Amino acid sequence: MRGDHQTLALVLFGVFVAVTLAITTWVSRRRQGSAEEFYAGGRLFSPMENGFAIAGDYMSAASFLGISGLIALFGYDGLLYSVGFFVAWLVVLFLVAELVRNVGRFTLADVLTARVRERPVRIASGVSSVTVSVLYLVAQMVGAGSLVGLLLGGTGGAARTWTVIGVGALMVVYVALGGMRATTWIQIVKAVLLLAGAITLTVLVLARFHGDIDGLLRSAARRSGHGDDFLAPGLRYGGGWTARFDFISLGLALVLGTAGLPHILSRFYTVPTARAARRSVVWSIGLIGGFYLMTIVLGFGAAAVVGTGTVRASQPAGNTAVPLLALDLGGGPDSAGGTVLFAVVAAVAFATILAVVAGITLASSASVAHDLYATVRRARGGGPGHEVAVARVAAVVVGVVAIGLGLLARDLNVAFLVGLAFAVAASANLPVLLYSLFWRRFTTRGALWSVYGGLVPALVLVVVSPVFSGGEASLFPGLDIRLFPLENPGLVSIPLGFLAGWLGTVTSRERADPAKYAETEVRALTGAGAV
């Protein structure tokens, strides 16, 4: 990239960072000592505000950079990500949102422990939530590194390394100082910026082809190098039965994983009532649905305008397709319009990454403090203020771990990495959540077996899959311990999570307390007794 691209984009980066730090500083002056204020923002947000914040939390670097890049590289097969990410919200709306708000308080574990023995289940849920959050964080770190690598012309790994470290440091500051209130306002600002950027690019792509969608698709197919195969299933997932099973596995993970993501579930606690939580989801579905429709246009637009070969040459995983599209739509690398549009899109993408990592870090630090620390140390008298202090320290630890893993996975597609996080969430968190809410006989052993029976197989299958070793694009290309042929473990690990929960319950000598189930059911459905 030329110097003017770099300068303008870096200035816009700086402006967003300054604004978000100002928000964090303003919020930090308010009382942040109580757990309710730190974890849930005082439960004072309106449905519209929370809907925008949920959309901001969900529309991540994987959506803006990764999905558009996969569509630009693989055409029709890349659409699975857009469809899967959006359809997942129907599961959240109809099965999870209102019930979780009524039964829980701050974290997923609050729901799971409503009618089983608290300590072991809360620890299991905390471990699972932190694992999912770290996996999701890695994807955002990789997106940040790819973006800055493009901005600075791919000048070695030093710039990408320092970018990942910088993003990690900022997310720790946001969470430690501002808590949920600052994180929510950052999400709202980011959602508005991202939607504005996506709308602008979508309009420019359609204007380039005079509103002719058919012309856009035909041009994308022609410039992809694959012809009509680009617009048909099978380019990425049609190479054989293994690829087809991978397709099914990914689809299951995307559709079921959202309802198990800790940072999404925690957003339902920031509104005062369950009705407000449901209305928040309705707002977010409208915003998210419109956004994912635009990612389809941007993906095919990048293939048609920039060319699949150019996108792959810039970054093999396709993460730079949207910034390259913006550069071309603005008039090219030597034009003022190209410079401005590229810089704006790069800054919006960077803002997306910063906002999402703040939300995920808050959720993971809450799990560490509220689920792990508070459970183990409750007998020693640690109060809410002490718990909040631990959450701030946990944010630092989670940030360090995410930085290290982000540097290791720097060459993988961000949407693909998020698919892995969704698979783990759908395997470990969703089965136990649904069993806790809807199965009268569910027991403590069933809850433990469900969490670990989904979490452990999912992680083990990733380690022995082509993602980890044995291929040029693997994390460790020089190592080969492949035993599992699929890249996404969801097809195996999600059913195992449900099966383990059922098996643990039916083999348990413990009998579920019908009174506790009745109390949980009434609270979940009516909100009576909800915090």
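I start with the burial scale: buried means under 20% relative accessible area, exposed over 50%, and partly exposed in between, with a 1.4 Å probe and protein chains only. Before I use it, a note on the source: this is a predicted model, so local features need pLDDT of at least 70 and side-chain atom pairs count only at pLDDT 80 or more, while totals for chains, interfaces and linings use all residues. Residues are numbered from 1 along each chain as its sequence is written, and side-chain values use heavy atoms, with hydrogens and water left out.

**Entry 1, burial.** I looked up Arg-122 and got 5% relative accessibility, so I log Arg-122 as buried. Leu-65 is also buried, at a relative accessible area of 1%. I find Leu-65 in helix α4, residues 61–74; helices here are DSSP runs of H or I with at least four residues, strands are runs of E with at least two, and both are numbered from the N terminus. I also checked Leu-65 against Asp-214: C-alpha to C-alpha they are 24 Å apart in space, and in sequence 149 residues apart.

Side chains of opposite charge can pair when their charged atoms come close. My criterion is a side-chain nitrogen of Lys or Arg within 4 Å of a carboxyl oxygen of Asp or Glu. How many salt bridges does a search of the whole structure find? I get eight.

One of them joins Glu-98 and Arg-278, at 2.7 Å from N to O. That pair links distant parts of the chain, with Glu-98 in α5 (residues 79–103) and Arg-278 in α12 (residues 274–305), 180 residues apart. Glu-98 is partly exposed at 21% relative accessible area, and Arg-278 is partly exposed at 31%.

Next I took Arg-523 and Glu-519, whose closest N and O atoms are 3.8 Å apart. Both sit in helix α21 (residues 514–526), four residues apart, which is about one turn of the helix. Arg-523 comes out partly exposed, at 23% relative accessibility. I also note a network: salt bridges with shared partners join Asp-110, Glu-118 and Arg-122.

Why are they separated by about one helical turn? Because Glu-118 and Arg-122 are four residues apart in helix α7. Is Glu-118 buried or partly exposed? I have Glu-118 at 33% relative accessibility, so partly exposed.

For α5 and α12 I read an angle of about 175 degrees, with the axes 10 Å apart. Axes are lines fitted to C-alpha atoms, for helices over the stretch in contact, and angles run from 0 to 180 degrees between N-to-C directions. Under 35 degrees counts as roughly parallel, over 145 as roughly antiparallel, 65 to 115 as roughly perpendicular and the rest as oblique. I therefore log α5 and α12 as roughly antiparallel. Their contact residues split into 15 nonpolar, five polar and three charged; nonpolar covers Ala, Val, Leu, Ile, Met, Phe, Trp, Tyr, Cys and Pro, charged covers Asp, Glu, Lys and Arg, and the others, Gly among them, are polar.

On a 1 Å grid over the protein atoms alone, a cavity is a set of points where a 1.4 Å probe fits but cannot get out, and lining residues have an atom within 4 Å of a point. Points are joined across faces, edges and corners, and volume is the space filled by probe spheres set on them. I count three cavities of 30 Å³ or more.

Note on methods. On a 1 Å grid over the protein atoms alone, a cavity is a set of points where a 1.4 Å probe fits but cannot get out, and a pocket is an open set with protein on both sides within 12 Å along at least five of seven lines; lining residues have an atom within 4 Å of a point.
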